[in-house]
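Please keep the structure open while reading.

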Amino acid sequence: MAPDSGDLWHENPFPLSPVVRLGPTSDLGEPAAVAADSGNAHLDTPLVTDLRALVADYFTPPSAGGRRGRAVALVGGFGLGKSHALRRTYQTVRERHGEAAMWIVDEPAQDMGRLYRDRLRGPADTAQGRQAFEELVRDYYAYVTAAWVGGEEDDPRRGTLREIAAGLRDRTLDPDKVVSALRYDPEVIHADLRGTLGEVTEHRRFATALALLLQPPFRRMVWNWLSGEEPAEPLRERGITEAIGPHPGRADTAAGIDRVFDALAVQGFLHGRVGNPYVLLLDSLEKVLEWPEENRRTFIDAFERLVNIFTSHGGLLVFCTSPDGLRALRASVHERVVQLWANGLDARDTRALVSRYLAAAGTPGSEASTGTEASTDTDEGTGTGEGAGAGTGTGEGAASPVIGTPDTGPPDTGPFDEEALRLLPELTEGVPREILKTCRQAWQIAEVDGAVRRIPGSAVLAAVRRLHERVTDRQVLADLHQALDLGQWRIASRDPVPARLSRSADGREEVVYWLSPAQDAYIAVIRARSVLRADDAERVAAHVLGLRSAVRPGRLEALLVVNGLVSQAMQDRLGRAIGSRPLVYRQGGFAVSAHEALLQLERRLVEERREEDLLELGERMRRDLELQTARLDQMQRTLAGLALDTRPVAASPDHPPRGKPKPNTAGLPGPVRRRFQDALTMLESVTGRVAGRATDRVGATPADLSVLGCATLVRELTERFRGAVADWAAGRAPGAARTEDELSELRRICREYESAVEVLPVHLLGGADQRHRLTPARTVESLAEEVWGTLSAAS
C-alpha cells in the first residue's frame, strides 16, 4: 500500500533495543517479546545460507569412516547478524536433531567456573538430558569394553569373546553384566581416555567420575561435580579433589578456564567416540580481548585444544567473533576453522526487512492486513542481536512459519517513501541493527497525534541525527581539551583568520582550536555535526577551503571532529575534499585518537614545509647558477683577452687597463695608498699567472676559471673599496678633525668590504710570492682592518 493512500499506522513495530543474545530462554525459541523486541522477522542472507548448508552437511548420516567434525567462525562487526544466525542454528538443531547433545555459551567470562555452573546451557540442564548422558556413558562403556574384549584370545570356559564384543556394540548385551561376569576393571575407561585425551585433559578424574556415574550411590554426587560443584567426600576419597571450575574468590582463574574446557572436551569426546553428533555454540568470542594477558592467553590455548577435539572427533563448533577476535587466534586455528563473514544489507534486503516488521505488527498496509500469512518467527530477531536479520535463514526448524513477502510483487513498505528507503541502507552501511533503530526513531518523528501517515526521507535524516548526536558539545570539547593536554599542543597566540570565518554560515561547523605547531603553520580543529548528504559535504569542504585561503601565505591542515554520523563513503569524500579524513567522536579513548590524528597532521605540515624549503632552495640555486654561468662566460672572455696580450705588464695600479680611468688617490695617506697598491698588484699577478698557464695549455681548466673568477671579483671589490675610501678622505676640510659621523661612515665602508671578502673562496688565490710575505688571501682579508686602523688613528 502506497504511503499516500491515507491509511494511518498507530503502533510502532520496530524494536526499542534490537539485540539478540543466546542466554535468556525468551531468546531461544520461546514466546516472542512484545513489540517485536526479540525479533519477529527473518531474512535469507549469504551468511545464513552458507551456515545452514554446513549444519545440514554435518547432520547428514555419516559414511563408514564416521562423522566428520568441523568448526565454523561467524565473523563480522557488531549488529551484522552473527548472533541471529547462531540462534537459527540452535533452532535447527533443537527442532530437527533433538537427539544431538548441545552446549550453549552466550559469551565467555573470566570466571569460567561461575559461567560453567550458572550460565552454560547443556544436556545436564534437564532430566531428559541427564538420562541421555547416562545412556551415552553406558554406550561408551560398552564400546571400550567391546574393544577390550574383542582384543582378547578366546577362552573355552567363557565362550567366544568376539561374539560378546559384537553384542556390546549392537547394544544387545548389558555392559554392566558383561563387566561383572568377566571381572574387567573399570580402568578400561581410564585407559581409553588416557590413550586419546592424554595430551588434552586430566583424564584420570574424568574416568573415575564416568565409572561412578553408572553406580546409583554415586550418581547424584557425580552429577553435582559435572555441574561445577565442589566434589563430595566420597569422590575426594577416589581422587576427584577439585571442582571443574573454581568458586568465586579463588585465585586460580587461569586453572579454572582450563578445567572448564577440559570438561567440555571430555563430554564432547564421549559423544564422538560412540558416533553421536554433538554441538557447541559460543557467542561474542571477542570479549576475551578485554581480559588480562595471562587469562587471555590461557583461554586461547584452551579454545584451540577444544577446536582440535571437535574437528578430530566428529563435533560441530560454531562461534561468533569480531575480525579482531579472529586475528587473536593462532594460524593453526585458522587452518581448522571455516570462516563465514557477515555483511550489511543492500537496498532490496532493507525493503524486505522493513516490510516484514510491518507485517509482524499487523499494521495497515502490511501483509497481515491484506490477508497474507504473517505469523511471527518466534525464534528469530532480524532486528536483534549481533545483527538483526543479516545473519538469518528461511525459518528452518522454527516454531511457526517465517514471515515473508509473496512472490507476486515487491515487498510492501507501508508509510516509508522511496527517499526514506534509499537513505536507510546508505546512512547505516546496511547494518540491520542500525536500520531498525533508525526506523523506530523515524516512526516516532513522523507521528502526529499518535498516528503515522507517511515517513519521508527528512524523518530518516532527523532520526539519524537524533540517534548519533546524543553527546553534548561540551563533552566533545572536554575530550578535545584532554587531547591537547596529552601532546602539550601549542595554541596559536591569535587566530589567523577573522572570527566570522571560523564559523560556517549555519553554525554547524566551527573552529574550536587554532593550533600552531610551527611558524606560519596551523591546524584548525573544527567541530561539526553529522555529515549525511552531498550538500553537507560540500558545505564542509567550502568552509575548509575558505580557511585555507584566509591563512595564506601560511599553511593549514584541518582536523574535522564530527559529533554524529559520517558514513564510510562520506568519510572518503570528505578526505578527498579537505585533505584529511574526519574523526568521528566516540566515547572511550577519543582523546588518544584525537592526539594521534593531530600528530599525523603536524608531521604533514613539517613535510610540506620541508618540501617548500627545498623548492625555494632549488629555485635560488638555479638563479645563482645562471648568474655564475654568466660571470664565468665573462671571465673566459677576459682570460682570452689576457692570453692574447703579449705586453710584459698588462696593467698595474699606476697603469690601469685601457678604457678604465686611474682613480684619484691623492688624498689618501701614503701607508694606505701603498697597502691598496700592494693588494691590487698581488691580485694582478694572480690573474697573470693563471692567464699564462692557460696560454701554455691552449685552454683554461675549470680550476683556472674558479681562481680567475675569484681574483676578478676581489679585484673589483678592492678597487671600489679604494675609491670609497679616497672619496671619504677627500671630503675633509683642511686642518679639520673627523666627526663621529664621519668615522662611523668609514667604519661602515670597511665592514662592507670585509663582509664581502669573507664569503668569497679567497683561499684559491694561492700562496705568498718572493715580493710579499703574506698570501693574497691574508692580504685582502686584513686590508679593511689596516685601512681603518691607519685612518682612524690619523683623525
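## Basis

This is a predicted model: local features need pLDDT of at least 70, side-chain atom pairs count only at pLDDT 80 or more, and totals for chains, interfaces and linings use all residues. Residues are numbered from 1 along each chain as its sequence is written, and side-chain values use heavy atoms, with hydrogens and water left out.

Helices (H or I, at least four residues) and strands (E, at least two) are DSSP runs, numbered from the N terminus.

## Helices H17 and H18

Helix H17 spans residues 432-446 and helix H18 residues 457-468. They pack at an angle of about 110 degrees, with axes 8 Å apart. Axes are lines fitted to C-alpha atoms, for helices over the stretch in contact; angles run from 0 to 180 degrees between N-to-C directions. H17 is therefore roughly perpendicular to H18 (65 to 115 degrees). The crossing is right-handed (the near helix is turned clockwise from the far one by less than a right angle).

H17 contributes Glu 434, Lys 437, Thr 438, Gln 441, Ala 442 and Ile 445 to the contact (heavy atoms within 4.5 Å). Residues from H18 include Val 460, Val 464, Arg 466 and Leu 467. By class, the contact has eight nonpolar, three polar and three charged residues. Ala, Val, Leu, Ile, Met, Phe, Trp, Tyr, Cys and Pro count as nonpolar; Asp, Glu, Lys and Arg as charged; the others, Gly among them, as polar.

## Helices H1 and H2

The axes of H1 (residues 46-58) and H2 (residues 82-96) come within 10 Å and cross at roughly 30 degrees. This crossing is right-handed. Leu 47, Val 48, Leu 51 and Val 55 of H1 meet Lys 82, Ala 85, Thr 89 and Val 93 of H2. Six of these residues are nonpolar, one is polar and one is charged.

## The sheet

Four strands form an open sheet in the order S6-S7-S8-S9, with mixed pairing. Strands pair if DSSP finds at least two bridges between them. S6 (509-518) and S9 (583-584) are the edges. S8 (residues 555-562) pairs with S9 in the parallel sense over two bridges. Val 561 has Leu 583 of S9 as its bridge partner.

Helix H20 (residues 534-550) lies across S6, S7 and S8, at about 150 degrees to S8.

## Salt bridges

The structure holds 40 salt bridges (a side-chain nitrogen of Lys or Arg within 4 Å of a carboxyl oxygen of Asp or Glu). One of them joins Glu 242 and Arg 259 at 3.1 Å, N to O. Glu 242 lies in the loop between H10 (233-237) and H11 (253-273) and Arg 259 in H11, so the pair ties together parts 17 residues apart in sequence.

Notes
Angles under 35 degrees count as roughly parallel, over 145 as roughly antiparallel, 65 to 115 as roughly perpendicular and the rest as oblique.
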